[in-house]
Amino acid sequence: MGGAERSERKRRQQTAAGARAVAQARGSAGNRRTIVVVIAVVVLAVLVIGGVIWTNSSKNQTEGQAIPPVATNASLDTQGERQGAVVVSGKADAKVKIDIYADFLCPYCGQLQKSSGAQIEQQIQAGNLQVSYHMIPLLNSRSDPPGYSLASENAALCAADQGKFTPFHDSLFAKQPEEGQRGYDNAQLIKLGQDLGITAPEFASCVNAGTYNQPLNDALAKISADPSFQGTPTILHNGTQIDWTQPDWLTKLVAQP
Amino acid sequence: MRPSQAVLDVVGTFVRLGLAAVWLTSGSIKLADPGQTYLAVKAYQLMPDAVVHPVATALPLLELALGVLLVAGLLTRWAAVVSAVVLVLFIAGVAQSWARGLTIDCGCFGGGGQVAAGQTQYPQEIARDVGFLVLAGWLIVRSRTRLSVDGWLRPREAEPAVREVERA
C-alpha cells in the first residue's frame with residue numbers, strides 16, 4: 001500500500017466523517033429550531049388566552065354584582081314625580097329651578113354627581129331648589145354590550161313611578177360602570193329597585209318591557225337637534241347654562257336675590 | 001459603495017427592535033384599558049357590534065405577540081409580514097375615516113374614539129403608520145439581524161463545511 005493510496009483513503013474517511021458531522025449538526029439545528037418555535041408558539045398561545053380572559057374579566061366587572069343601594073332622604077321623592085321622561089324633585093314654589101341633563105354612563109355626569117349631588121339634595125330638602133332630571137340616552141351605544149344608557153334610564157323612570165327615583169339615581173352613579181365596558185343588565189337594575197324597598201311587581205315588568213324607551217329616545221332626538229346642546233351633563237337655569245365646575249355654583253345660585 | 005453585510009445586520013437590529021417597541025407600547029396601552037380600546041375600534045364604524053368586541057379583544061394581544069417575536073428576533077420575517085398587513089389595515093382604516101368625514105382619533109397608542117371636528121390628525125397618523133411600514137418592509141426584505149433567536153438557530157458553522165463537502 002503506497003503512501004499516496006493511504007493518504008487518499010484517509011482523506012476519504014475524513015470527508016465521510018465530516019459529512020456525517022455536518023448532517024448531524026444540520027439535523028440537530030433543525031430540531032432545535034422546531035423545539036424553539038414550538039415553545040414560542042405555546043408561550044404566545046398561553047399569553048393570548050390569558051389576555052383574552054383578563055380583558056373579558058376586566059370589561060365585565062359589573063357581572064354578577066349587586067349594585068349597592070344608596071339611601072336618600074324620603075322627602076326628595078313623591079309619588080307623582082315622573083312627568084313624561086322627566087323627573088321633578090323639590091317643591092313647586094322653590095326659588096331656584098334648574099334642569100339637569102345627564103346620562104348614567106357619562107363619566108362627567110358621574111363627576112357632577114360626586115361633586116354636587118349632596119349639595120343639590122340639601123338645597124331641595126331646604127326648599128330652595130327644584131330640579132328637573134332629564135335623562136338622555138346619549139351614550140347608549142358606548143357600553144359593551146350596547147344599551148346600558150337606555151336600560152338604566154328606563155329603569156330610573158320605573159323607579160320614579162314607585163317614588164324611588166333619587167336613591168335609584170344616586171346608586172347608579174355611586175357605582176357607575178365605565179364607558180366601553182359592561183353596564184348593568186335589567187336583572188341587576190330590578191334587584192337594585194327591590195333593595196331600595198320597591199315591592200310592586202309593576203316595577204320589574206316596567207324595567208323588562210322598556211316602557212319608557214320611546215319617550216327617552218324622543219327626548220334624545222329633540223335635544224340633539226338643539227344646536228346649543230353641548231352634551232351631558234348640562235345644567236340650565238332659566239335657559240342659561242351653569243358652569244358646574246365652579247365649586248360654589250349652587251350656593252351662588254341659591255343666594256341670588 | 002454598498003454598506004457591508006455587518007453594517008446592514010446592525011441597522012436591521014435597530015429596525016427590528018424599533019418595530020418591536022412600537023408594538024409592545026401600543027399593545028400594552030390598549031390591553032390596559034379594554035373599554036377605551038373597544039370604543040376606539042367602534043369609532044371607525046366599520047364593523048357590527050358583534051365583531052367589534054372580538055376585534056377589540058384580539059388587537060392588543062396580536063400587537064403584543066408581534067412585539068415579543070420581534071424583540072426575540074424569532075420568526076422575524078413572518079412577524080414583519082404580519083406587521084405589514086396589520087399596518088396596511090390601520091392605514092386603510094384611518095384613510096376611510098378621513099374620506100368619510102368621521103372625526104375620530106386613531107387610537108393607535110391608546111385614546112381613540114370621537115374627537116372635535118378640528119382635532120383630527122389623519123395625515124400625521126397615516127405618515128406615522130407608513131414609517132412603521134417601512135420598518136416592517138426592511139425586515140421582510142432583509143430579516144437577518146444581530147442578537148436574534150433566528151441567528152442563534154441558524155447553523156452558522158455548518159454552512160461553509162457543507163460547501164466544502166459539496167465541492168469534494
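Predicted model: local features only at pLDDT ≥ 70, side-chain atom pairs only at ≥ 80, totals over all residues.
The strands β5(A) and β6(A) form a hairpin with two residues between them, and N238(A), which lies in the turn, has a positive phi of about 50°. Strand β5 (residues 234-237) of chain A is covered on both faces, with T234(A) and L236(A) buried on one side and I235(A) and H237(A) buried on the other.

The second largest pocket, which holds about 320 Å³ of space, brings some of these elements together again. It is lined by 17 residues, of which Y101(A), H134(A), K222(A), I223(A) and D226(A) are the closest to its centre. Strand β5 of chain A is one of the elements that each supply at least two residues of this lining, together with β4 and α7 (213-224) of chain A, and α7(A) gives the most, with four residues. When the lining residues of this pocket are divided by class, nine are nonpolar, five polar and three charged.

The largest pocket has about 450 Å³ of space. Of the 21 residues in its lining, those closest to the centre are M47(B), V55(B), L59(B), L89(B) and F90(B). Helices α2 (34-43), α3 and α4 of chain B each contribute at least two residues to the lining of this pocket, and the largest share, six residues, comes from α4(B). The lining of the largest pocket comprises 16 nonpolar, three polar and two charged residues.

No charged residue takes part in the lining of the largest cavity, which has seven nonpolar and three polar residues.

The second largest cavity, with a volume of about 50 Å³, is lined by residues of chain B, among them V22(B), W23(B), K30(B), F90(B) and D129(B). Helices α1 (5-32), α4 (76-100) and α5 (122-141) of chain B each provide at least two of the lining residues, and α1(B) provides the largest share, four residues. By class, this lining has seven nonpolar residues, one polar residue and two charged residues. F90(B) is listed both in the lining of this cavity and among the residues closest to the centre of the largest pocket.

Besides lining the second largest cavity, K30(B) takes part in a salt bridge with E63(B), in which the N to O distance is 2.9 Å. Because K30(B) lies in helix α1 of chain B and E63(B) in helix α3 (residues 49-72) of chain B, the pair ties together parts that are 33 residues apart in sequence. Both K30(B) and E63(B) are buried. Also in chain B, salt bridges that share partners join D9(B), R142(B) and R144(B) into one network.

Over all chains, the search finds 11 salt bridges. One of them, in chain A, links K59(A) to D144(A), with the closest N and O atoms 2.7 Å apart. K59(A) lies in helix α1 (residues 3-59) of chain A and D144(A) in the loop between β4 (129-135) and α3 (148-161) of chain A, so this pair ties together parts that are 85 residues apart in sequence. K59(A) counts as buried because its relative accessibility is 2%, and D144(A) also counts as buried, at 8% relative accessibility. In another salt bridge of chain A, the side chains of R182(A) and D185(A) meet at 3.1 Å, N to O. Here R182(A) counts as buried at 12% relative accessibility, whereas D185(A), at 34%, counts as partly exposed.

Notes
Residues numbered from 1 in each chain as written. Chains lettered and ligands numbered in written order. Heavy atoms only, no water. Nonpolar A, V, L, I, M, F, W, Y, C, P; charged D, E, K, R; others polar. 1 Å grid on protein atoms, 1.4 Å probe; cavity = no way out; pocket = protein on both sides within 12 Å on 5 of 7 lines; lining within 4 Å. Points joined across faces, edges and corners; volume = space filled by probe spheres on them. Salt bridge = Lys/Arg side-chain N within 4 Å of Asp/Glu carboxyl O. Buried < 20%, exposed > 50% of the residue type's maximum accessible area, 1.4 Å probe, protein only. Pairing = 2+ DSSP bridges.
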